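Here is a friendly walk through one protein model and the molecule it holds. Take a moment to turn the structure around before you read on.

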Amino acid sequence: MKTNNNFIDGKWVPSLEKESYPQRNPANFEQITGLWQKSGIGDVEYTIEAAQKAYKHWSILTVHKRAEYLKKALSLMRERVNRIAKVITAENGKTLAESRMEIYSAIKEMEFQISEGLYRLGEVMPSGQDGVLAYCTRRPLGVVAVIAPWNFPFNVPVRKCIPALIAGNTCIMKPAQLTPGTGAEFVRLFEDADLPAGVLNFITGSGAVAGNALVKSPSIKAISFTGSTEVGTNIHKVASENLTRTQLEMGGKNAMVILKDADLEKAAKAASEAAFVCSGQWCTATSRVVIEQPVLDDFLTLLIENVKKIVVGDGVRPDTGMGPVCGEAQLESILSGIEKGKSEGAKIVVGGGQLKDGDFQKGFFIEPTIFTNVTPDMYIAQEEIFGPVLSVIAVDDFEQAINIADNVRFGLSSSIFTNDLERAHKFIEQTDVGLTHVNISTAYKEPQLSFGGIKQSGFGIPEAGHTGIEFFTDHKAIYIKYKP
Ligand code: NAP
Ligand code: MG
């Protein structure tokens, strides 16, 4: 089997460690999709040097020239949707349709970030003095690091690297160990677009070694991370030693509140999608439904009807609605979450276990699972399960719904289903989250709006959208006296 290399300074090269690890298909763990470099500290140092060298040239190109390279990579991305989708599905397990959806979303974000770079790199302000021109420019920082997760292994690198690159930074991307091939597909787009050597680099390996070496380096000027709250918090601590700025996109425990006047059919459809698409492994997945008691039974009937239609299987099969979860550690952690729910007295109304028979025996498959009789203090009501598990919490009224929705350590996304505009508005104002929705699921987003959580879900300037470039630039204020 071919061993895949790092991409450093425009070349595919093995790591100095000369060690590799296998990536396995979560739908069939006997299938190794590739061998990848276990990069060490030396590889990171060498990559930083290459990126620093490239920065000298890349940062002084006109933004239009930088955009030309990126647009060429974007057009290759459009051509390669099916090819990239196959790699995402083989590594992450999500269905081919979900993988394509991830790439289409990345295309939209890339289009938006390139156009942002073309007009958002400064501002002219009216001066208080006659004959003075006052303006502010945005300057790139230098070499920046992108640390990506396995759940959106293509979209997240796009969302982070494109604003960094268009603004004139050079970039080192470390994918999650579970999804290196997807990261390599991303990087090949730029190689094939003839991006100058060293501008975008790619090193595989563990977070604890390669990731940590990036985070500790004083030569890295910014770190954009997506992953768990625990790892993100630690990255911030280590990076703060050098005053390196961080942008952390982390976990969620997103609530969908359903009031008794809501359109229950639409709410049930939205909940079943946002809880089980990508096997529930998205940070903005709906993991709690908080619903007024009088409509609980009708809603559950509709929800269960939707969820029972989900066909679990290998994501490459056209009839599959939900693929495996991404790897053994994920499987164990989700199953242990389900066990905690059972032992704390919640009731399973759909699913609840691992699928092990026949075609399922070589993969990591879990049934879509719904818990009812959930109380707000239970583990499954407080902690991110990050799998196909939905907790339904019944409440007496709107005030109680708001309190429960907010009473978690996370603050990423939320949603309310109601036709009562006054209550919807109160919900928007009072819930502590980075994004919220009315009559749309917690997972909905558009490329022009920034994306990020608060509380334990996010830190730093939110990524993507209209703040995408901000994180990767400094401001410089300039005053020119043009009249004597
Ligand atoms: P993770 O374990 O935190 O890993 C994320 C990335 O950090 C991986 O590339 C990982 O490398 C790396 N890493 C691990 N330890 C590190 C260290 N000490 N220093 C530097 N880097 C390190 O998270 P995950 O398990 O991949 O992803 C699941 C989590 O991501 C969930 O909590 C989910 O909510 C969150 N997420 C959040 C968003 C958002 O935008 N808010 C989006 C998607 C996912 P290895 O793979 O080698 O460990
Ligand atoms: Mg992890």
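Ile-480 is partly exposed, with a relative accessible area of 35%. (Under 20% relative accessible area is called buried, over 50% exposed, and anything in between partly exposed, with a 1.4 Å probe and protein chains only.) This residue, Ile-480, belongs to strand S24, which covers residues 473-481. Helices (H or I, at least four residues) and strands (E, at least two) are DSSP runs, numbered from the N terminus.

Together with Val-124, Leu-133 and Tyr-482, Ile-480 makes a nonpolar surface patch of about 390 Å². Patches are made of residues with over 30% relative accessible area and no salt bridge; like charges are joined within 9 Å, and nonpolar side chains (Val, Leu, Ile, Met, Phe, Trp, Tyr) within 5 Å. Accessible areas come from the Shrake-Rupley method with a 1.4 Å probe, and for residues only the protein chains shown count as cover.

## How to read the model

This is a predicted model, in which local features need pLDDT of at least 70 and side-chain atom pairs count only at pLDDT 80 or more, while totals for chains, interfaces and linings use all residues. Residues are numbered from 1 along each chain as its sequence is written, chains are lettered from A and ligands numbered from 1 in the order in which they are written, and side-chain values use heavy atoms, leaving out hydrogens and water.

## Salt bridges

How many salt bridges does the structure hold? There are 26 of them, each being a side-chain nitrogen of Lys or Arg within 4 Å of a carboxyl oxygen of Asp or Glu. One joins Lys-94 to Glu-102, with the closest N and O atoms 2.6 Å apart. Lys-94 is buried at 2% relative accessibility, and Glu-102 is buried at 2% as well.

Another pairs Arg-188 with Glu-185, with 3.0 Å between the closest N and O atoms. These two residues are three apart in helix H6 (residues 180-192), so about one helical turn separates them. Glu-185 is buried, at 8%. Arg-317 and Asp-319 also meet in a salt bridge, 3.4 Å from N to O; Arg-317 is partly exposed at 41%, and Asp-319 is partly exposed at 42%. Finally, a network of salt bridges links Glu-109, Arg-159, Lys-160, Lys-445 and Glu-463.

## Around ligand 1

Now look at ligand 1, which has 29 residues around it, the closest being Ala-148, Gly-207, Ser-228, Met-250 and Glu-384. A residue is near a molecule or strand if one of its heavy atoms lies within 4 Å of it. By class, this shell has 15 nonpolar, eleven polar and three charged residues. Here Ala, Val, Leu, Ile, Met, Phe, Trp, Tyr, Cys and Pro count as nonpolar, Asp, Glu, Lys and Arg as charged, and the others, Gly among them, as polar.

A polar side-chain atom of Lys-174 lies 3.1 Å from an oxygen atom of ligand 1, and a backbone N or O atom of Gly-227 lies 3.2 Å from an oxygen atom of the ligand. A polar backbone atom of Met-250 is 2.7 Å from a nitrogen atom of ligand 1. Taken alone, ligand 1 exposes 910 Å², and the protein buries 87% of that. Helix H7 (207-216), strand S10 (220-226) and helix H8 (229-240) are the elements that give two or more residues to the shell. The largest share, four residues, comes from H7.

Technical notes
Polar contact = N/O pair within 3.5 Å; in protein donor to acceptor, adjacent residues only side chain to side chain.
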